[in-house]
Structures are given as C-alpha cells and as structure tokens.
Amino acid sequence: MAKKQDPSYPTAKRGLPWEFKYDFAMRGYANCLKGFFYVIREEFGADTALRLYEKLCTMDDRIKNLTKTLLKIFKLKGNDAETIGKVWNLWWELTGKEGTILERSKTIDRTRITKCPWQTAFKDISDWGLIWCKIVAKTINPKAIVERPKGMCAGGPHCEYIFKIEE
C-alpha cells in the first residue's frame with residue numbers, strides 16, 4: 001500500500017493558481033533586474049551599470065531572439081512602426097505594463113506608459129529602457145528610431161516612447 005504524501009512536504013503539488021505563479025515570477029524578475037542595477041550603480045556608477053546591461057541584452061542576441069520569437073509565435077509580419085507597436089503591446093501584456101496608444105501608423109508609434117513594474121528609483125540609470133527598446137525596434141527594422149521624451153525612471157509622471165521609421 002502506498003504512503004500518503006504529506007502536503008507540507010516541499011515537493012507536494014499544491015495546485016497554486018497560475019495567476020499567482022506568474023505574478024510571483026514577474027515580480028521576482030523585475031526586482032532582481034532592479035537589484036542588479038542598483039548594486040552595479042552603487043559599486044561602479046551609472047555609466048557602468050548601463051553599459052553592462054546593454055552588454056547583457058546584446059550577448060548571444062538575447063533580445064533579438066526574443067523579438068523574433070514573439071514575431072513568429074504571434075504571426076506578426078512587416079517591419080513598420082505598427083509591427084513594433086504590436087510587439088510592444090505584447091511585452092506590456094507579458095510584463096504587466098499599462099498604457100495608451102497615442103498614435104500608430106506604418107511610420108510612427110507613440111505610446112504612453114502609466115504603470116510599469118520595471119520603474120527604477122535612480123534617474124541616472126533611467127536610459128536602461130531605451131537600450132531594450134532600441135534593440136527590439138532595430139531587430140524589426142534597422143532604420144527604426146526610438147525616442148523617449150518622458151520617462152518615469154527619469155522623474156516624469158509617465159513614460160512616452162516614440163518609434164519612427166525613416167523613409
């Protein structure tokens with residue numbers, strides 16, 4: 001006769017709701033990333049923190065590969081600003097960002113982010129979001145230009161990103 005598993009034993013399946021598991025993982029991911037930023041910034045300065053983050057993002061084409069995976073899974077075609085905006089919206093949904101599309105066409109995508117789990121406390125590392133966005137946009141279209149006129153990490157009330165495709 002088989003022994004009954006003790007439900008308090010660590011390997012017992014608890015049937016945790018997937019929403020809780022997702023929230024736990026995303027908060028952990030965001031907190032870990034911010035923690036590394038803060039430690040590197042404290043030890044070596046903001047410039048080094050941003051340089052190392054960019055190196056991490058480009059190493060082994062991590063962000064390019066993630067972008068290509070999103071394009072493939074969601075069957076997104078094209079290399080215009082609308083496609084960049086659609087990938088951006090997928091990223092919002094995956095990470096819990098909230099915002100508004102201000103303008104979207106083949107040549108421009110403007111968005112305003114009002115809730116972001118990635119918001120950092122230090123203004124001098126606020127450009128980390130631009131690093132990510134530039135890699136994603138340039139993966140979709142090498143002629144893409146990314147601007148961030150306002151940023152929560154830079155002390156603004158929200159983030160505003162503009163993706164343009166040069167003609």
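Mentor: Start with residue classes. Ala, Val, Leu, Ile, Met, Phe, Trp, Tyr, Cys and Pro count as nonpolar, Asp, Glu, Lys and Arg as charged, and the others, Gly among them, as polar. The lining of the largest pocket has 24 nonpolar, four polar and three charged residues. This is a predicted model, where local features need pLDDT of at least 70, side-chain atom pairs count only at pLDDT 80 or more, and totals for chains, interfaces and linings use all residues. Residues are numbered from 1 along each chain as its sequence is written, and side-chain values use heavy atoms, with hydrogens and water left out.

Trainee: What makes a residue part of a pocket lining?

Mentor: On a 1 Å grid over the protein atoms alone, a pocket is an open set of points with protein on both sides within 12 Å along at least five of seven lines, and a lining residue has an atom within 4 Å of a point. The largest pocket holds about 500 Å³ of space, a volume being the space filled by probe spheres set on the points, which are joined across faces, edges and corners. Of its 31 lining residues, the closest to the centre are Leu33, Phe37, Tyr53, Trp128 and Trp132.

Trainee: Which element gives the most to that lining?

Mentor: H1, with six residues. Helices (H or I, at least four residues) and strands (E, at least two) are DSSP runs, numbered from the N terminus.

Trainee: Why is Thr111 called buried?

Mentor: Buried means under 20% relative accessible area, exposed over 50%, and partly exposed in between (1.4 Å probe, protein chains only). Thr111 has 0%, so it is buried. Thr111 is found in strand S2.

Trainee: And why is Lys143 called exposed?

Mentor: Its relative accessible area is 51%, so Lys143 counts as exposed. Lys143 lies in the loop between H5 and strand S3.

Trainee: What makes the Thr111 and Trp88 side chains a polar contact?

Mentor: A polar contact is a pair of N or O atoms within 3.5 Å; within protein, one must be able to donate a hydrogen and the other to accept it, and residues adjacent in sequence count only if both atoms are side-chain atoms. Thr111 and Trp88 are joined at 3.1 Å.

Notes. 1 Å grid on protein atoms, 1.4 Å probe; cavity = no way out; pocket = protein on both sides within 12 Å on 5 of 7 lines; lining within 4 Å.
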